[in-house]
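Q: Could you take a close look at one part of this model with me? I would like to follow its side-chain pairs one at a time.

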Amino acid sequence: MVKKEFIIELNGIIGTIHTYTRNPFMVGYTEALKKAVENNDFDTLRIVLDRVISWYNTEIDKIKSDEYVLNKNLHEKAYGILLEYREAL
């Protein structure tokens, strides 16, 4: 995945995460992720991307099994995009 594609998807990823959690760390990570992409700050981008992926690693199974989460497919898509972009860096 190239940067332009990731930028196009980023607001959707962030919005999807925020529908599930308002955890202050995740809110901060997603804000930092957006800034890092905008500023071409690849060091910060890698750090924050790893933290968001790590959060998804621990939460994705809970999301998939939570009867109150209605957008499970969007979480799976967001998680996949994050993994794909991280691998491309």
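**Side-chain pairs up close**

A: Let's begin with Arg86, which counts as partly exposed at 24% relative accessibility (buried is under 20% relative accessible area, exposed over 50%, partly exposed in between, with a 1.4 Å probe and protein chains only). Bear in mind that this is a predicted model, where local features need pLDDT of at least 70, side-chain atom pairs count only at pLDDT 80 or more, and totals for chains, interfaces and linings use all residues. Residues are numbered from 1 along each chain as its sequence is written, and side-chain values use heavy atoms, leaving out hydrogens and water.

The side chain of Arg86 meets that of Asp50 in a salt bridge, 2.7 Å from N to O (a Lys or Arg side-chain nitrogen within 4 Å of an Asp or Glu carboxyl oxygen). Arg86 belongs to helix α4 and Asp50 to helix α3, so this pair ties together parts that are 36 residues apart in sequence. Asp50 is partly exposed as well, with a relative accessible area of 35%.

The salt bridges come to three. Arg46 and Asp43 form one of them, at 3.9 Å; both lie in helix α3, three residues apart, about one turn of the helix. Arg46 is partly exposed at 31%, while Asp43 is exposed at 58%. Lys62 and Glu59 form another, at 3.5 Å, and they too are three residues apart in helix α3. Here Lys62 is partly exposed at 47%, whereas Glu59 is buried at 14%.

Now for the rings. The structure holds five aromatic pairs. One of them is Phe6 with Tyr85, stacked at 4.0 Å centre to centre with 5° between the planes. Phe6 sits in helix α1 (residues 3–20) and Tyr85 in helix α4 (residues 72–88), so the pair links parts that are 79 residues apart in sequence. Phe6 is buried at 0% relative accessibility, and Tyr85 is buried at 3%. Tyr56 and Tyr79 have ring centres 5.3 Å apart and planes at 40°, so their pair is tilted. Tyr56 is in helix α3 (residues 42–65) and Tyr79 in helix α4, so this pair ties together parts that are 23 residues apart in sequence.

Two terms remain: rings of Phe, Tyr and Trp (its six-membered ring) pair if their centres lie within 6.5 Å, with planes under 30 degrees apart stacked, over 60 edge-to-face and the rest tilted. Helices are DSSP runs (H or I, at least four residues), numbered from the N terminus.

Note on methods
Helix = DSSP H or I, 4+ residues; strand = E, 2+ residues; numbered from the N terminus.
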